[in-house]
Each structure stands twice: as C-alpha cells, then as structure tokens.
Amino acid sequence: MEIAIPDYTHWVNQLLWPLFRIASFFMAIPMIGSRLLPVQLRLGLAVSVTLLVVPLLPDMPVVDGLSLPALLIIAKQMMIGAALGFMAQLFFHVIVLGGQMISSQMGLGFASVSDPANGVSVVVLSQFYVMLTMLVFLSMNGHLVFIQIIVDSFHILPVANQGVAPAVYWELATGASWMISAALLMALPAVIALLIVNLAFGIMTKAAPQLNIFAIGFPFTMVFGLFITWVSMADFLGQYQKLASFGLDLMAELLIGGRLHG
C-alpha cells in the first residue's frame, strides 16, 4: 500500500488548521482555560476534540505548511479561537463584577480570597457566585454548548487566508460594555436595598446625633446584605439563564460579524 505525499499533506491540513482554532479556544475559555488545568492537559483535550470533530467539519484548504499563506491561516485561526474564548470569559466576569458591587455596598469589599483559577484576589461573595455559576453551567451541559459553538464556527467562518471583517473588533470592544451593564443589572436590587438602609441610618443620625451610627450601622448593613443575598438566590437561575442567553447571542453575533469578505 503506497500513500502519496499529497495525501499526507491533505491529512495534515485537515487536522492542523482546526487544531489551532480549537486549542486557542480551550486556552481562553473559563474552567478549561484556567490555571487549575496544566497546559499539557488542555492541549491533549484540544487534540482529542479535534480528532472527534474533524469528520463534521468542511474540507480544509491545502496549503504548503512552510509558506506565508499557512502562517496567515494559523494566525487567523488563533485569533478566532481566542476571540470566542474571550467572549465566554466575559460571561463569568459579569458574575464576578456583580458580586464585587454587592460586596462593596454591604461592607464586605475587604473580605477577599485568592482565586486559583485566575491567580488574583476576589471578594468572597464573588467567589461564591462564580462557584455556583460553574456548577449550574456544568449541570446544564454548558461545556457541550461551547464545543458545539467552536464546531459551528468552522461552517460560519471557514478556514481560509482572507481577512476578517472589521465588525469582529467592534464586537470585542463592545463586549466590555455589556459586562458592566449586565453586572449592574444583576447587582441593582441588592444595591438599591442597601442604599435605602444607609439612607435610613442617615436620617437616624440627623434625628439622634448621640447615636454611634458606625457601631450600629456597619454590622446591621452587613447582616442585611447577607439576607438580601440569600433572598436573591431564589432568582439566581433566572438571572443565569438571561445572562447565558445574551452571552451566547454575543458569540453568535461575533461569528456572523466575522464572515469572510472579499
């Protein structure tokens, strides 16, 4: 049995170009792309997923691996995968930012813990929200949705060496504004409730100046903030579904806006 060199080239192209996009996506998405997983494990997972999804992908262009067009294709695949992973990261950072807003209002902004996934310190309430979001995400097969998104991206944005539409950069830039607005909407009920409490303590200070408002108001605000957080847990699933749906829509707009031009 003889196999010609063009056959080897076709097989390598069929596996290599999708691998760059999938590996970049896995290096950037939450949980899988965190520091908790070694790079070797993430790369092995990317190779395994690539081998599984290659039969579902369209035909790849046959390009000489040492040519300039091949380098352009590699750069584009890495950019697309990283952009999709960045949009997925925004969804989880919405939860972190919303928890930080609530913690700052209730007086728990100083209570921070180390986040091993990102290597930074975050407030306790934000870490609690992130852990809860990850559990809900995995229980609702969110990891399978991410794999479906990266597979669909090859049909919407086929592998080629043409440029990417400028709308991609605009979608990435506006993703940060969505993160801030969504976090504010998430934290708004608790922030308004705590603001009313602080306003009531301000009126009490004017009515009875002899009261030590700092000794009374600080622990009461903290306890009331924890109570508001406990009450808001009843609607956490509804908030998660809205944020997840909007985040997936942004990823779809990113793919549609990045259609090849020319």
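Here is a walk through the aromatic rings of this structure and a methionine beside them. Keep in mind that the model is predicted, with local features needing pLDDT of at least 70 and side-chain atom pairs counting only at pLDDT 80 or more, while totals for chains, interfaces and linings use all residues. Residues are numbered from 1 along each chain as its sequence is written, and side-chain values use heavy atoms, leaving out hydrogens and water.

Let's start with the rings. There are 9 aromatic pairs here (Phe, Tyr or Trp rings, taking the six-membered ring of Trp, with centres within 6.5 Å; planes under 30 degrees apart are stacked, over 60 edge-to-face, the rest tilted). Helices here are DSSP runs of H or I, at least four residues, numbered from the N terminus.

F91 and F92 are both buried, and F137 is buried as well (under 20% relative accessible area with a 1.4 Å probe, protein chains only; exposed is over 50%, partly exposed in between). Ring pairs join F25, F26, F91, F92, F137, F146 and Y240 into a cluster.

Now for the methionine. M134 belongs to helix α4 and counts as partly exposed because its relative accessibility is 23%. M134 touches F92 and M31, leaving aside residues up to four places away in sequence (contact is heavy atoms within 4.5 Å). M134 and M31 are 103 residues apart in sequence, yet 8.1 Å apart in space, C-alpha to C-alpha.

Technical notes:
Helices (H or I, at least four residues) and strands (E, at least two) are DSSP runs, numbered from the N terminus.
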